[in-house]
Amino acid sequence: MRMKKFSFYNPSSLPEVWELLERYGERAKLIAGGTDLVVQMKSKLVSPEVVINLLPLRELQGMEIRDGHLRIGALVTHAALANSPLLRENWAILAEGAHKIGSPQIRNIGTIGGNLVNASPAADTAPALLALEGKVVLASKRGERQIPVNSFFLGPGMTILEKDEVLKEILIPVPPAGAQGTFLKLGRRKSLDLAVVSAAVMLHYDPLTKYCNWARIALGAVAPTPIRAQETEKFLVGKILQEEVMHEAGERAQQECQPISDLRASANYRREMVKVLVQRAIKKSLKLPIPPTGI
Amino acid sequence: MKYPLRLKVNGQEYELEIFPHRTLLEVLRDDLNLTGTKEGCGSGECGACTVLLDGEPINSCLVLALQVNGRTVTTIEGLAPNGELDEVQKAFISQGAIQCGFCTPGMVLAVKGLLNKNPHPTEREIREALTGNLCRCTGYQKIVEAVLSLSGRPTSSPPNSFTER
Amino acid sequence: MEQWQVVGKAVPQIDARERVSGAAEFVSDIKLPGMLYGRILRSPYAHARIRHIDLAQARKLSGVRAVVTAQDTPLIPFGPRSDDWTILAVDKVRFIGDEVAAVAAVDEDTAEEALSLIKVDYEPLPAVFDPLAAMEPGAPLIHQKERNIVAEFKLSKGNLDQAFQESAVVYEAQYYTNQVYQAYLEPMACVVQPDISGRLIFYIPSQIPSMTRITYARALGLPLEKIRVIVPYYGGAFGAKMETNLHLAAAVLAQKTGKPIRMVNPREEDFMAGNPRVPMYIDLKIGAKRDGTLTGKEVKVVGAAGARAVYSMVIVATACYRVDSLYRFPNLRTEGWTVYTNTVPTSCFRGFGNAQMTFALESSLDMIAVQLGLDPAELRIRNGLRTGEVSIHGWKIGSSGLEECIRRATEAASWKEKRAQKRFARGIGLACCNHVSGNRAFAREFDGAGGIVRIGREGKVLVYHGESDMGQGQKTVFAQIVAEELGVPLEWIEVARVDTDVSPFGLGSFATRGTVFGGNGVKAAAADAKRQILEVAAALFETDPQNLEIKEGQIFNKNNPRESQPFTKVVEIGIFKRGGAPFVGTGFWVPDTELPDPVTKYGNISPAYPFACQICEVEVDTETGHVHLLNYIAAHDVGRAINPQTTEGQIHGGVAQGIGWALTENMVLADGKVLNPNFRDYVIPGPLDLPPIKSIMVEPIDPHGPFGAKGIGEPALNPAPAAVANAIYDALGIRFNELPITPEKILEALKKKKVK
């Protein structure tokens with residue numbers, strides 16, 4: 001309902017941010033788009049004494065190719081990702097993920113950095129970043145470190161971000177040439193919903209024989225963090241992608257998840273849907289028709 | 001402590017001093033007396049608080065006012081500055097897209113945000129653009145028809161029943 | 001076919017400009033000088049004794065102007081239909097969200113902070129959350145009522161046991177209609193302003209301003225004239241916005257501080273302490289002959305009232321017997337119980353018990369059609385009441401368009417062809433409903449409506465009524481009726497907001513009565529104004545008033561139409577002749593409805609009965625359990641559509657709410673706590689979730705409604721949940737008797753079916 005009062009800072013560079021983080025420590029929170037933080041502050045889940053506004057920071061903006069990687073600044077909005085022609089070539093599933101977040105209004109100010117740092121197990125940019133083997137760049141006074149997204153999440157709402165670090169940007173390698181992928185999100189209605197289950201799949205296969213030689217599968221909302229289904233990936237490599245293989249892939253993915261029952265869905269349902277979504281995502285990556293699925 | 005805030009709202013420059021915990025929605029409604037923008041939920045889930053920030057629809061209930069210092073905001077009051085209603089507003093009226101009217105300001109601005117980028121949206125594109133705006137009175141159909149009447153595209157909705165009685 | 005100028009035309013709402021420009025002042029927009037902000041401290045316990053409340057710290061907080069508890073109120077037990085309310089909790093709290101204390105402060109931050117400084121010492125008590133459990137011996141008593149029963153309903157007619165014996169099929173099933181939330185976009189709100197004489201002005205979103213005034217006067221221990229109710233624009237209601245302690249707490253703060261108080265429910269609190277739908281267990285047993293003629297019905301209804309009775313007992317009663325006047329049931333046995341539970345008090349939501357029962361009835365009828373091998377549409381037509389019939393409870397069906405609704409809906413839906421297709425996971429379902437246009441049994445005082453039409457010198461027509469426009473288009477319909485009656489352009493008509501100091505005593509907007517009652521009331525007032533003006537005109541034209549007519553703002557001689565005068569000119573002449581006094585027409589309409597007999601329930605309670613038939617087409621994703629709605633047809637008997645555009649808008653909105661209820665909406669309660677008090681987890685349909693809705697208006701022209709009109713508000717929703725459930729049955733061969741029909745329930749049932 002009402003946020004508690006706080007002091008507000010508008011730093012213009014990362015060193016200023018680090019200085020503030022050092023000064024205030026646990027009493028401070030960084031704010032980007034605010035779509036998660038403001039909601040949490042209003043319900044008093046968090047009540048920082050100091051709020052540090054990241055929006056003015058140039059270093060955290062922008063998207064470009066750099067050293068053979070796609071670099072995305074932490075402050076890039078979901079709308080910018082969803083509409084980016086740059087992503088369409090090789091990283092389309094990230095655009096798909098960003099497109100399915102919230103609503104147009106949320107996407108216009110919510111940021112990819114914020115989505116990652118908030119670390120919801122259902123975060124919609126995470127499965128794509130996992131499947132694309134992205135890395136986050138965490139920057140502090142002590143220097144920068146690059147962490148695979150796969151190691152970034154520790155639990156619901158928890159990441160390895162240190163108290164004095166800022167998530168600066170995301171680096172994504174170019175997937176194997178010709179790789180196809182898709183992101184599917186299942187909710188309770190067709191828009192403005194949290195994922196009940198989500199799945200990002202990237203595959204590289206021979207278009208004629210459907211022989212799969214590379215696979216990445218990531219799942220959201222079915223474990224304490226977004227996860228890679230690495231056993232399922234291993235299973236797919238070397239297989240011909242036909243119905244039974246897709247079916248078995250779905251079942252193996254089920255084994256790799258640990259869903260919980262909550263208000264939105266039961267663990268059983270989530271587990272069932274992992275199978276369905278993985279199968280359908282593989283199918284869609286093969287350019288085969290699937291029923292309209294979720295959001 | 002209060003901080004200075006410069007905002008251009010509906011073409012008018014404002015200089016205020018506000019507490020940082022105040023959202024853009026509160027500043028618009030309480031400090032600038034622009035009560036056309038509504039609060040339906042306070043958590044970005046209903047879209048009644050939608051305004052245009054540099055032309056893009058956002059939930060003003062989620063934005064700390066100080067974070068948009070120096071930027072341009074358009075509220076519903078800014079659409080008809082000389083009393084002449086905007087074409088979207090006129091379409092809403094003539095197509096019966098308004099019932100209680102509480103969602104309407106946010107809905108109209110979401111539509112403006114869409115049409116500014118895509119002047120001829122399909123029905124699907126319209127519905128997608130409105131996914132951030134809940135309406136409980138209309139079932140959305142006449143809202144979609146109102147936008148389609150501006151878009152020049154076909155509708156999947158059946159013709160209005162008063163042609164069939 | 002009469003030629004109406006304005007009635008029957010799809011005109012935009014007369015205040016659409018105010019709403020679309022943001023200029024309309026809603027309750028939560030009102031700012032008055034010196035205004036303070038109020039908040040309520042709500043109980044975190046479902047059932048507890050209050051040992052002690054410590055206000056000291058809260059009162060000391062800078063910016064706090066008043067902190068009140070029950071001790072600051074007259075401690076008069078009251079209620080809209082009972083005596084189990086108090087403004088603030090006295091010795092016990094009875095649900096999570098119950099009002100314990102209230103605070104007024106200079107801003108919302110301070111008010112919220114003050115709440116956190118109030119210390120309440122609770123002694124938790126055992127609580128009960130389900131109405132069936134609450135009726136069990138040994139269940140904790142919430143009020144001092146045996147078995148927690150608020151009211152019982154009993155009704156028997158004919159010989160049901162014999163009827164069942166003589167039936168070819170007897171179908172029995174249990175249903176559960178869950179608790180759903182109206183989800184109006186503007187949360188409950190008020191501004192209460194005290195004046196120097198001790199009067200309180202309530203700016204409230206009220207569907208029933210005059211009736212609310214009576215309840216509030218009683219609660220505050222004030223004479224009626226000390227309360228004034230003004231109804232500004234408000235953001236939806238769908239039944240929820242009647243009496244609420246929110247307003248009364250604000251009133252107490254206004255009295256204490258001498259300042260206007262604005263109180264708006266944060267959305268979370270609106271979920272916790274609003275007025276959601278009465279959830280019901282429904283046992284239904286229906287008999288039918290081989291040819292589909294219904295022989296009788298046995299009904300048991302148990303509805304949860306929540307922690308205090310609002311209108312739930314009337315809602316349960318309605319559920320018990322309204323459908324008896326939809327189809328012919330010659331034999332009946334009906335029992336209903338309204339039961340207290342330690343949950344948020346339940347109340348009116350579009351459909352008012354008839355919606356709940358319609359879900360059960362229309363689901364059962366579908367199964368009877370299946371068992372008899374009959375077309376479900378034909379089954380409805382065979383049994384549906386027709387124009388001129390009198391139902392078993394004495395309801396006089398002045399007009400029934402039910403059959404035409406069914407025929408036109410089935411044709412538009414390609415019903416026969418689609419049903420013949422028999423594709424697994426694809427289905428089409430049909431459901432009908434009846435409703436009332438007004439309910440004599442709801443308000444004891446009287447039945448009827450009045451109006452005032454004031455015509456000023458420039459011809460501006462100001463209409464006063466006592467009902468309530470919550471966005472449904474009521475003001476516009478009234479304006480159209482007055483314009484038509486007077487013979488002037490619609491643009492001349494303005495409809496004043498309801499102010500109990502000036503407006504007629506209106507029973508209000510409920511029971512889908514607005515158009516018929518309010519419409520007839522203002523029509524009578526307009527006729528009176530017209531009569532007065534024609535008298536003046538008669539002198540001018542030197543003829544008798546009955547030779548004159550008014551059309552498009554011109555008064556002319558019927559025998560010599562070229563002899564005409566502008567309406568405005570005649571009005572001006574008349575006003576100047578009368579020392580400047582405006583023309584004021586007053587009128588009223590009192591139908592010959594009857595209070596039902598307390599035992600037999602016999603009595604014609606409404607002047608007009610709307611009917612409807614809705615058809616839904618679905619495709620079920622049998623892997624995810626999601627239901628895709630492909631198509632929706634809604635055929636409504638509205639008597640005559642005064643405004644087809646607003647009527648259609650109501651149909652779309654009602655269908656949308658019914659679909660939400662059928663598939664995704666559920667207030668999730670655990671130990672009395674609402675787990676999803678927000679729009680993130682209380683899921684209402686968004687723009688991508690609804691199919692295109694085709695509406696068909698059937699107009700049998702009712703003998704009692706204004707220009708033949710009946711109501712539309714609630715019938716728009718009633719059939720929807722059953723239409724969806726019946727379509728799912730057609731698709732999967734699986735019956736779902738519990739709402740909402742979620743993907744998980746569908747998958748679970750599909751699994752069970754496969755195993756069998």
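# Notebook: chains A, B and C

I began with burial in chain C, where 64% of the 756 residues count as buried. A reminder to myself before going further: this is a predicted model.

**Chain C, overall**

I counted the secondary structure next and found 19 helices and 28 strands in chain C. The radius of gyration of chain C is 27 Å, and a compact globule with 756 residues would come near 27 Å, so the two agree. Along the principal axes, the C-alpha atoms of chain C fill a box of roughly 85 × 70 × 50 Å. I also looked at sequence separation: of the contacts in chain C between residues at least 6 apart, 81% join residues at least 24 apart.

**The nonpolar core**

Which residues touch the most other members of the largest nonpolar core? I noted Val103(C), Cys190(C), Phe202(C), Ala249(C), Val482(C), Val724(C) and Ile728(C), in a core of 410 residues. Helix H15 of chain C, residues 514-541, supplies the largest share of this core, with twelve residues.

Leaving out residues up to four places away in sequence, Phe202(C) touches Cys190(C), Val192(C), Tyr216(C), Ile227(C), Arg228(C), Val229(C), Ile230(C) and His247(C).

**A three-stranded sheet in chain C**

I followed one open sheet in chain C, which has the strand order E4-E2-E6 and antiparallel pairing. Strand E4 (92-93) and strand E6 (119-124) of chain C are at the edges with a single partner strand each, so one side of each has no neighbour in the sheet. E2(C), residues 48-54, pairs with E4(C) over two bridges in the antiparallel sense. For one residue on E4(C), I wrote down Lys92(C), the bridge partner of Arg49(C).

**A cis peptide in chain C**

Where is the cis bond that ends at Pro740(C)? It runs from Leu739(C) to Pro740(C), with omega near -5°. Pro740(C) belongs to the loop between helix H18 (720-732) and helix H19 (743-755) of chain C. I flagged this bond because most peptide bonds are trans.

**Chain B**

Chain B has five helices and five strands. Along the sequence they follow the pattern β-β-α-β-β-β-α-α-α-α. The radius of gyration is 17 Å, close to the 15 Å that the globule rule gives for 165 residues, so chain B is as compact as a globular protein of that length. The C-alpha atoms of chain B fill a box of roughly 65 × 30 × 25 Å along the principal axes. As for burial, 62% of the 165 residues of chain B count as buried. Among contacts in chain B between residues at least 6 apart in sequence, those joining residues at least 24 apart make up 57%.

**Where chain C meets chain B**

How many residues of chain C are in contact with chain B? I have 50 from chain C, in contact with 49 from chain B. On the chain C side, helix H1 (16-20), helix H17 (644-663) and strand E28 (693-698) each give two or more residues. H17(C) gives the largest share of that side, nine residues. By class, the chain C side has 25 nonpolar, 16 polar and nine charged residues.

- Ala221(A) has a positive phi of about 70°, and I found Ala221(A) in the loop between strand E13 (212-220) and strand E14 (227-228) of chain A.
- Asp54(B) has a phi near 50°, and Asp54(B) is in the loop between strand E3 (50-53) and strand E4 (56-59) of chain B.

Buried or exposed? Ala221(A) has 30 C-beta neighbours inside 10 Å and therefore counts as buried. Asp54(B) has 12 other C-beta atoms within 10 Å, so Asp54(B) is exposed.

Definitions and conventions:
Residues are numbered from 1 along each chain as its sequence is written. Chains are lettered from A and ligands numbered from 1 in the order in which they are written. This is a predicted model: local features need pLDDT of at least 70, side-chain atom pairs count only at pLDDT 80 or more; totals for chains, interfaces and linings use all residues. Helices (H or I, at least four residues) and strands (E, at least two) are DSSP runs, numbered from the N terminus. The radius of gyration is taken over C-alpha atoms; the globule rule is 2.2 Å times the number of residues to the power 0.38. A residue is buried if 20 or more other C-beta atoms lie within 10 Å of its own, exposed if 12 or fewer, and partly exposed in between; C-beta atoms are placed from the backbone. Two residues are in contact if their C-beta atoms, placed from the backbone, lie within 7 Å. Two strands pair if DSSP finds at least two bridges between them. Ala, Val, Leu, Ile, Met, Phe, Trp, Tyr, Cys and Pro count as nonpolar, Asp, Glu, Lys and Arg as charged, and the others, Gly among them, as polar. A nonpolar core is a set of buried Ala, Val, Leu, Ile, Met, Phe, Trp, Tyr and Cys residues joined through C-beta atoms within 7 Å.
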